[in-house]
Amino acid sequence: MEAPIGPARADPPPMPRPHLLTQHWLDVAFLHWAVDPDAVRHLLPAGVAPDVADGSTYVGLIPFRLVGTAVAGGPPVPWGTFLETNVRLYSVDAAGRRGVVFRCMAAESRPAVAAGRAVFGLPYRWASMRFGRAGALRGYSARLRGPGPPVRSRVAVAPVGPPIDGPLERFLTARWGLHVGHLGRTWYLPTTHVAWPLRRAEVHELDDGLLAAAGLGDLARRPPDHVAFSGGVAATFGCPVLTAPVSTGRPDNGAAPSG
């Protein structure tokens, strides 16, 4: 029987030790598209279902700077600061744990790509990447390396207006773990950090091929339904745990889009 799914909680649940990794996620742009849960259900690992707010689930395109990766409380590793752009979906398991499912993780650190793929089974791809700032404007670019046709992403956003913290913002960003299929099982990797300090943002440029490469078609051809920006948070990862199966029903937290 599935655990009841309540409103997304702004504060993280307690995370037992030992902790595996710490990182800082900085200059984070959140671009989101609302989609029918059935359109992405087949892209999730076994045992998790799309998490739903007001009848929709979401696809996220998230470029950011990852800074200061440290293992098990030690000093930052030499390869632990790099640019990254993620394509992610939103998931929930039978225990009621909300998470994200990464479909593509473009990163410019080859050691991080190798470690993420080997240890956690994450869909990391090595990429050439750039980040720039001009006033309030932040620009991000990525080009996947390796065989196959070229895949590129260019995003530029600028934060505008006061801070935002509504039900939809919490649904999209208060995700205290990730679900990943690895070694024939589905795992939940918990994370913790303070609540994201968010501002609404405007898109100045969007020319993205990562969504299509992640199996999401031409979604990037239409404007995102929600755009936000954060200066960043410090994050900590805990130990992975196995998930239990979940039905194909649509858990809905009752959150209504806030803009």
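**A serine and the pockets**

Modeller: A polar atom of the Ser-109 side chain sits 3.2 Å from the backbone nitrogen of Ala-112. The model is predicted. That side chain also has a polar atom 3.2 Å from the backbone oxygen of Trp-79. Leaving out residues up to four places away in sequence, Ser-109 touches Trp-79 and Phe-82. Ser-109 belongs to the loop between strand 5 and helix 2. Ser-109 counts as buried because its relative accessibility is 7%, and the cut-off is under 20%.

Now the largest pocket. Its volume is about 590 Å³. Its lining takes in 35 residues. Nearest the centre of this pocket lie Gln-23, Trp-25, Met-105, Tyr-124 and Phe-237. Several elements give two or more residues to the lining, among them strand 5 (98–107) and helix 2 (110–120). By class, the lining of the largest pocket holds 24 nonpolar, eight polar and three charged residues.

Next, the second largest pocket. It holds about 340 Å³ of space. Its lining has 22 residues. Pro-13, Arg-97, Trp-176, Tyr-188 and Pro-190 are the ones nearest its centre. Strand 10 supplies the largest share of this lining, with four residues. The lining of the second largest pocket divides into 14 nonpolar, four polar and four charged residues.

How values were computed:
Residues are numbered from 1 along each chain as its sequence is written. This is a predicted model: local features need pLDDT of at least 70, side-chain atom pairs count only at pLDDT 80 or more; totals for chains, interfaces and linings use all residues. Side-chain values use heavy atoms; hydrogens and water are left out. On a 1 Å grid over the protein atoms alone, a cavity is a set of points where a 1.4 Å probe fits but cannot get out, and a pocket is an open set with protein on both sides within 12 Å along at least five of seven lines; lining residues have an atom within 4 Å of a point. Grid points are joined across faces, edges and corners, and a volume is the space filled by probe spheres set on the points. Ala, Val, Leu, Ile, Met, Phe, Trp, Tyr, Cys and Pro count as nonpolar, Asp, Glu, Lys and Arg as charged, and the others, Gly among them, as polar. Buried means under 20% relative accessible area, exposed over 50%, partly exposed in between (1.4 Å probe, protein chains only). A polar contact is a pair of N or O atoms within 3.5 Å; within protein, one must be able to donate a hydrogen and the other to accept it, and residues adjacent in sequence count only if both atoms are side-chain atoms. Contact means heavy atoms within 4.5 Å.
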